[in-house]
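Open the model in your viewer and keep the selection tool at hand. We will go from stop to stop, and each stop says what to select and what to look for.

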Amino acid sequence: MRRVWNPIIAMVLAALGAGNSYAVESTQVTFQNAPYNGQPFTNVKARLTIPAGESVGEKLFPVVIVLQACCGLDDNVTTDWPNFLGQRGFATLVPDLLGSRDLVSACDREPIPLDERMRDVYGAIAFLANHPRVDHDRIHVLGFSWGGTHVLEALLERRLGQFATPESARVKNGVAVYPGCIGIFKAVTERHVSPAFYAPALIIGAELDDWTPVSQCRVVVEGQRTPPKVQMEIMAGAHHRFDQWTSRGRRLSTRQVLGHTMAPSQSATDTARRLTVEFLEAAR
């Protein structure tokens, strides 16, 4: 499925507003990544945010694992999206995949093997499956760029059973925002593999993305095994990291990063947020 979203439509959608609003409370937590082939564990630091309020009581909340881009934990991942989701009744868990290993960036190299990163994601799933305040049947995953790659990889059927997690500890669905699709793209185009996904996923791409091009993700969507579980929406006129407005409190504008254009877009951000909530809530 593919649609190019018009900025005017996006502004109308944003004006419709959200439903119930919650205050949020957050705490620093640590979990072990998933076991794999007897390899050493990594203690992954994360920020857990849970909606709070007098009327909430012992309510179990759906939870979203929010996965960072290659440059680390920036404001859109640590603050903007958790606050947005929290106000709509979602708990969030933001793992620090890089900082937990004393790394700063993975943008110009790949310091953590892919299977190790999948161990982190499935360790987060197992951690949440045992948490008393979240709905274990509604664990979602949301990732940006490098983190969006992790969303798609984690939802591949072959990942189930690769890591020792409880049967109930699996993702309900996932959203990948301007993800890197190159790995699965190569599997389709070079090895003629039809990727199979065990849970629904939504790719939100940026039309003018010159870092993680939507053309590669389109090949993945069109080449997946049937029945298809992955769909894609494209933000018209948007560049990579269109939802990143500040970095550690510093206001951002159009800029070049490693030769690629980054540019914030209010209309694309508003539309992506609305699409994300609608997609996550459709899993109820």
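Select Ala272 first. This residue is buried, with a relative accessible area of 0%. Keep in mind that the model is predicted. Ala272 sits in helix α7. Now show what surrounds it. Beyond its neighbours within four places in sequence, Ala272 is in contact with Trp81, Ile204, Met235 and Phe242. The C-alpha atoms of Ala272 and Ile203 are 9.9 Å apart, while 69 residues separate them along the chain.

**The helix around it**

How many of the 16 residues of α7 are buried? Twelve are, so the helix is largely enclosed by the rest of the structure. Colour them: Ser267, Ala268, Thr269, Asp270, Thr271, Ala272, Arg273, Leu275, Thr276, Val277, Phe279 and Leu280.

Check the helix length next. At 1.5 Å a residue, the 16 residues of α7 should span 22 Å. The end C-alpha atoms are 23 Å apart, which agrees.

**One step along: Arg273**

Is Arg273 buried or exposed? Its relative accessible area is 18%, and the cut-off for buried is under 20%, so Arg273 counts as buried.

Show its contacts. Leaving aside neighbours within four places in sequence, Arg273 touches Asp80, Trp81 and Phe84. Two of these contacts deserve a look at the rings. The charged end of Arg273 sits over the ring of Trp81, 5.7 Å from the ring centre. Arg273 also lies over the face of Phe84, at 5.3 Å from that ring centre.

Zoom in on Tyr178 and Phe242. Their ring centres are 5.4 Å apart and the planes stand at 80 degrees, so this pair is edge-to-face. The pair ties together distant parts of the chain, 64 residues apart. Tyr178 is in the loop between β7 (173-177) and α5, and Phe242 is in the loop between β9 (230-235) and β10 (246-247). Both Tyr178 and Phe242 are buried.

**Helix α5**

Select residues 182-190, helix α5. Ile184, Phe185, Ala187 and Val188 are buried here. Why do they share a side of α5? They cover an arc of only 160 degrees around the axis, which puts them on the same side. In general, an α-helix has 3.6 residues a turn, so residues three or four places apart point the same way. Show α4 (146-154) and α6 (214-223) as well: the buried residues of α5 pack against both. Step past the end of α5 to His192, which has a positive phi, near 60 degrees.

Most residues other than glycine have a negative phi, and most peptide bonds are trans. The next stops depart from that pattern.

Select Thr226 and Pro227. A cis peptide bond joins them, with omega about 0 degrees. Pro227 is in the loop between α6 and β9.

Move to Arg248. Its phi is positive, about 50 degrees, although Arg248 is not a glycine. Find it in the loop between β10 and β11 (250-251). Arg248 is exposed, with a relative accessible area of 58%.

Then take Leu258, another residue that is not a glycine but has a positive phi of about 50 degrees. Leu258 lies in the loop between β12 (255-257) and β13 (260-262). Leu258 is exposed, with a relative accessible area of 52%.

**Zoom out**

Select the whole protein chain. There are seven helices and 13 strands. Of the 284 residues, 56% are buried. Among contacts with a separation of 6 or more, 79% are between residues 24 or more positions apart. The accessible surface of the chain comes to about 12,200 Å², and carbon and sulfur atoms hold 51% of that.

Methods
Residues are numbered from 1 along each chain as its sequence is written. This is a predicted model: local features need pLDDT of at least 70, side-chain atom pairs count only at pLDDT 80 or more; totals for chains, interfaces and linings use all residues. Side-chain values use heavy atoms; hydrogens and water are left out. Buried means under 20% relative accessible area, exposed over 50%, partly exposed in between (1.4 Å probe, protein chains only). Helices (H or I, at least four residues) and strands (E, at least two) are DSSP runs, numbered from the N terminus. The arc is that of the directions from the helix axis to the C-beta atoms. Contact means heavy atoms within 4.5 Å. Rings of Phe, Tyr and Trp (its six-membered ring) pair if their centres lie within 6.5 Å; planes under 30 degrees apart count as stacked, over 60 as edge-to-face and the rest as tilted. A charge sits over a ring if NZ of Lys or CZ of Arg is within 6 Å of the ring centre and within 35 degrees of the ring normal. Accessible areas come from the Shrake-Rupley method with a 1.4 Å probe; for residues, only the protein chains shown count as cover. The expected span of a helix is 1.5 Å times one less than its number of residues.
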